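Hi there,

Here is the structure I promised to pass on. Have a look at it first, and then read on for what turned up.

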Amino acid sequence: MQDRPVDIYALRALLALAIGGLSIVGVGIARTEALPETYHLPPPPPPQYELTISDDGQAFEFSGRVDFGLTEALRGLGASNPKIKRMTLESKGGYIAEARGVVTVLRSNEIATHVHGYCASACALIFAGGAMRSLSSEGQIGFHGYALGHGQNFGMIDPEVEMQRDLAIYRAQSVDEQFVQRLATLPKTPMWYPDHAKLRAVGLVTPP
């Protein structure tokens, strides 16, 4: 039986294709190592609040969500306007850690707080941080508790410790201890709106 002759030209073509393929793979690997893929994080969402100076220049006006960046924004605005010693609030709440930061700015600059509409949850803590605290006849201050569902796990965050940090702010502002203890036992829902007489009696709203 006679062996089939080998087509040398076909072998050369196959060899060239193989070498060319290896070269392309090598170049691709080299480019991947030299230029790693870049991941771009999306920009943070814009703050969900407004912090301005009133038209008469006598107060800081805050409305919206107690959101990240509020503390630094108030600190900067306060530094530029040190004569302003009043802040009006209108908010359904937000991040409690940011509210604590705002309280430090209010206390260090002796800024009073005022609510002419609605202020609840984290906003209520900001209100409590004012050097003086006033409420219009239509104003409402809303509170709720730190209640946890069975089996909930917050990792390294202890809700009981966090609640005590906030209660300490009320105590530091000379709010009646029985009222503070009531805040410690409130459920998560519904929101509690004490009447104006109660808020004055416990020292949360201060005398004019």
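Pro190 lies in the loop between H6 and H7, where helices (H or I, at least four residues) and strands (E, at least two) are DSSP runs, numbered from the N terminus. The peptide bond that leads from Thr189 to Pro190 is cis, with omega near 0°. For background, most peptide bonds are trans, and most residues other than glycine have a negative phi.

Before you go further: this is a predicted model, with residues numbered from 1 along each chain as its sequence is written. Local features need pLDDT of at least 70 and side-chain atom pairs count only at pLDDT 80 or more, while totals for chains, interfaces and linings use all residues, and side-chain values use heavy atoms, with hydrogens and water left out.

Some backbone angles are worth a look too. Ser121, in the loop between E4 and H4, has a positive phi of about 60° although it is not a glycine. At 22% relative accessibility Ser121 counts as partly exposed; here buried means under 20% relative accessible area, exposed over 50%, and partly exposed in between (1.4 Å probe, protein chains only). Ser174 sits in the loop between H5 and H6; its phi is also positive, about 65°, and it is not a glycine. With a relative accessible area of 60%, Ser174 is exposed. Glu110, which follows H3, has a positive phi near 55°.

Now to H6 itself, which covers residues 177–185. Its N-terminal end is capped by Asp176, which has a side-chain oxygen 3.0 Å from the backbone nitrogen of Gln178. That is a polar contact, meaning a pair of N or O atoms within 3.5 Å; within protein, one must be able to donate a hydrogen and the other to accept it, and residues adjacent in sequence count only if both atoms are side-chain atoms. Phe179, Val180 and Leu183 are buried in H6. Seen down the helix axis, the buried residues of H6 fall within an arc of 100°, so they line one face of the helix (the arc is that of the directions from the helix axis to the C-beta atoms). Exposed Gln178 and Thr185 are on the face of H6 turned away from that buried side. Among what covers the buried residues of H6 are helix H5 (159–172) and helix H7 (196–201), with contact meaning heavy atoms within 4.5 Å.

Past H7, have a look at Thr206, which is found in the segment after that helix. Thr206 counts as buried, at 15% relative accessibility. Its side chain reaches the backbone nitrogen of Arg133 at 2.8 Å. Leaving aside residues up to four places away in sequence, Thr206 touches Met132 and Arg133.

Next, the strands. How much of strand E4 is buried? Seven of the nine residues of E4 (residues 112–120) are, so the strand is largely enclosed by the rest of the structure. E4 pairs in the parallel sense with E3 (residues 86–91) over five bridges; two strands pair if DSSP finds at least two bridges between them. Across that pairing, Ser91 stands opposite Cys119 and Met87 opposite Thr113. Three bridges join E4 to E5 (residues 133–135), again in parallel, and His114 has Ser134 in E5 as its bridge partner. From E4 the chain crosses through helix H4 (residues 122–128) to E5, in a right-handed β-α-β crossover. Right-handed means that, with the strands pointing away from the viewer, the path from the first strand over the helix to the second runs clockwise. E4 also runs parallel to E6 (residues 140–142), joined by three bridges, with Ala120 opposite Gly142.

E3 has another parallel partner, E2 (residues 60–64), through four bridges, and Phe62 stands opposite Leu89 there. E2, H2 and E3 form a right-handed β-α-β unit, and so do E3, H3 and E4.

Last, H3. Its 14 residues should span 20 Å at 1.5 Å a residue, and its end C-alpha atoms are 20 Å apart, which agrees; the expected span is 1.5 Å times one less than the number of residues. Its buried residues include Glu98, Arg100 and Val103. The buried residues of H3 pack against H2 (70–80), E3, E4, H4 and H5.

Over to you!
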